[in-house]
Every structure is written in C-alpha cells, then in structure tokens.
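This report describes one protein chain, moving from its overall fold to individual residues.

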Amino acid sequence: MVTEIVTPRIGALEPPHPPAVTAQLEKMMPPGVPPIALFRTVARNLPMAEAMTLWGSYELSRALSLSLRDREIVIDRTCARCGCEYEWGVHVAFFAARAGLDDDQVRSLTHGFAGDACWARERDRLLIRAVDALYDHRDIDNALWAALRDEFDEREVLDLTMLCGWYHAISFTARAARVPLEAGSPTFADFA
C-alpha cells in the first residue's frame, strides 16, 4: 500500500488556542505531550471533543478489562482494516513495543491474518478474528462467539466489541477529514 500525501479537508487547529481549547487538548494528551493532529482537528467541535475524551479515556485506561496487548491488537487491526494509516501509525509508534508486539506481528496486523506464524497465542488470534468478523460482517458468528467466550469473559467481550467500534469511528473521522500523518509515525509501507 502506497502512502499518499493528503490535503486536510478539516485543518487541525494551530496554536495559540483559546483557553477552552487549550484546556480540552491538555485533557486529551499525556502531560507535557503536544496534542496530535486528530485531537486538534476534532477540537474544532469542542462539545464533541469533550465527549470523545470521556469515552476515549476509558478505552485507553486500566479500567478497560482487556490488557494493553489485547487492546493494541484490536486497535491496530481495526485501524489497518479501515485503512486508517494515521491512527494505526500513532498507536504503533506509541504502544506497539510496550504491548510486546514485534515487527512481524505489526506486519501481520497490518497486512496479514490471524493464522500467520507470528501468532503463538490463541488469545491473540481470536482478537484478530473478532476484529475481522466485525469489519467484514458487522457481526460475530456463533462458532467464533463460542471460541471467544472460552477465552474471554463477558466484560472482556463487551470491551472488545466496543473498542473495535470506537476505532472504526475514529478511523472514519481521521480518513474523511484527511488528517495528515504525524511526523515520524510509521506507515503501512514500513511494514510491507
């Protein structure tokens, strides 16, 4: 897949920001980290950015029943399947190593399948299969559901499906608004 240079359809806000925007962007980022382009874009609709922060802070928190590794497998696969190189790149850059995802696994999440040799754990393969089912069919069939329930409890399955849906929404927004890649973020081609 070739990365193309895009012109944003909705430009990210540039500093200096009004105090309310500054306060919101600070809530959306770790302390001392400049706000990413996606957040500076959605801050053009401040009530939406505020709502996103509430849900997004749950999805990226320790309150989520899925582990960091589980979460990043779901997010990276969802963003890759949605063709959202922007959000995929942000997550690969910030979380892949912390989640214990090696280059072969990131490559598989981006271009491969749950059956690729790099996946030794059934749990990892099930997460990928679930994302693929939700992407391809907007549902999970009974056989996959049973396999998921053998590995994941009800809370984890609910978190998995909502996390996948949340990153579909983020992918749709980032792609449609043509949010440009963050400087230094990896690209799909880096893992071809």
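## Helix α5 and its cover

In this predicted model, the buried residues of α5 are covered by elements that include α2 (37-42), α4 (68-81), α6 (103-111) and α9. Helix α5 spans residues 85-95 and is mostly covered, with nine of its 11 residues buried. The buried residues of α5 are E85, Y86, E87, W88, G89, V90, H91, V92 and F95.

A96 lies in the loop between α5 and α6. With a relative accessible area of 5%, A96 is buried, because the cut-off is under 20%. Apart from neighbours within four places in sequence, A96 is in contact with H91, L101 and V106. The C-alpha atoms of A96 and A177 are 25 Å apart in space, and the two residues are 81 residues apart in sequence.

## Overall fold

The chain contains nine helices and zero strands. Read from the N terminus, the order of elements is α-α-α-α-α-α-α-α-α.

For 192 residues, a compact globule would have a radius of gyration near 16 Å, and the 17 Å of the chain agrees with this. The C-alpha trace spans about 50 × 35 × 30 Å along its principal axes. Among contacts in the chain with a separation of 6 or more, 71% are accounted for by residues 24 or more positions apart.

## Surface and charge

Buried residues make up 48% of the 192 residues in the chain. The accessible surface comes to about 10000 Å², and 58% of that surface belongs to carbon and sulfur atoms.

There are 20 positive and 28 negative side chains in the chain. The centres of these two sets lie 3 Å apart.

## The nonpolar core

In soluble globular proteins, nonpolar side chains tend to be buried together. The largest nonpolar core in this chain has 56 residues. Its members that touch the most other members are L38, Y86, W88, L101, L148 and L160. Helix α9 (residues 154-176) provides the largest share of this core, eight residues.

Which residues does L160 contact, leaving aside its neighbours within four places in sequence? They are L66, V74, L127, A130, L134 and L148. Of these, L148 is also listed with L160 among the core residues that touch the most other members.

## Buried charged residues

R71 is in helix α4 and is buried, with a relative accessible area of 6%. Leaving aside neighbours within four places in sequence, the contacts of R71 are E59, L60, L64, L66, F95 and L163. One of these contacts, F95, is a buried residue of α5. Another, L66, is also in contact with L160.

D124 is in helix α7 and has a relative accessible area of 1%, so D124 is buried. Beyond its neighbours within four places in sequence, D124 is in contact with R69, I73 and W119. D124 and V74 are 50 residues apart in sequence, but 9.2 Å separates them in space, C-alpha to C-alpha. V74 is in turn one of the contacts of L160.

## Backbone exceptions

Most residues other than glycine have a negative phi, and most peptide bonds are trans. The peptide bond from P15 to P16 is cis, with omega near 5 degrees. P16 is found in the segment before α1 (19-28).

For R138, which is not a glycine, phi is about 55 degrees. R138 sits in the loop between α7 (122-137) and α8 (142-151) and is exposed, with a relative accessible area of 65%. Phi of R178, likewise a residue other than glycine, is near 60 degrees. R178 lies in the segment after α9 and is partly exposed, with a relative accessible area of 30%.

Conventions: Residues are numbered from 1 along each chain as its sequence is written. This is a predicted model: local features need pLDDT of at least 70, side-chain atom pairs count only at pLDDT 80 or more; totals for chains, interfaces and linings use all residues. Side-chain values use heavy atoms; hydrogens and water are left out. Helices (H or I, at least four residues) and strands (E, at least two) are DSSP runs, numbered from the N terminus. The radius of gyration is taken over C-alpha atoms; the globule rule is 2.2 Å times the number of residues to the power 0.38. Buried means under 20% relative accessible area, exposed over 50%, partly exposed in between (1.4 Å probe, protein chains only). Contact means heavy atoms within 4.5 Å. Accessible areas come from the Shrake-Rupley method with a 1.4 Å probe; for residues, only the protein chains shown count as cover. Lys and Arg count as positive and Asp and Glu as negative; His and the chain ends are not counted. The place of a charge is taken as NZ of Lys, CZ of Arg, CG of Asp or CD of Glu. A nonpolar core is a set of buried Ala, Val, Leu, Ile, Met, Phe, Trp, Tyr and Cys residues joined through side-chain atoms within 4.5 Å.
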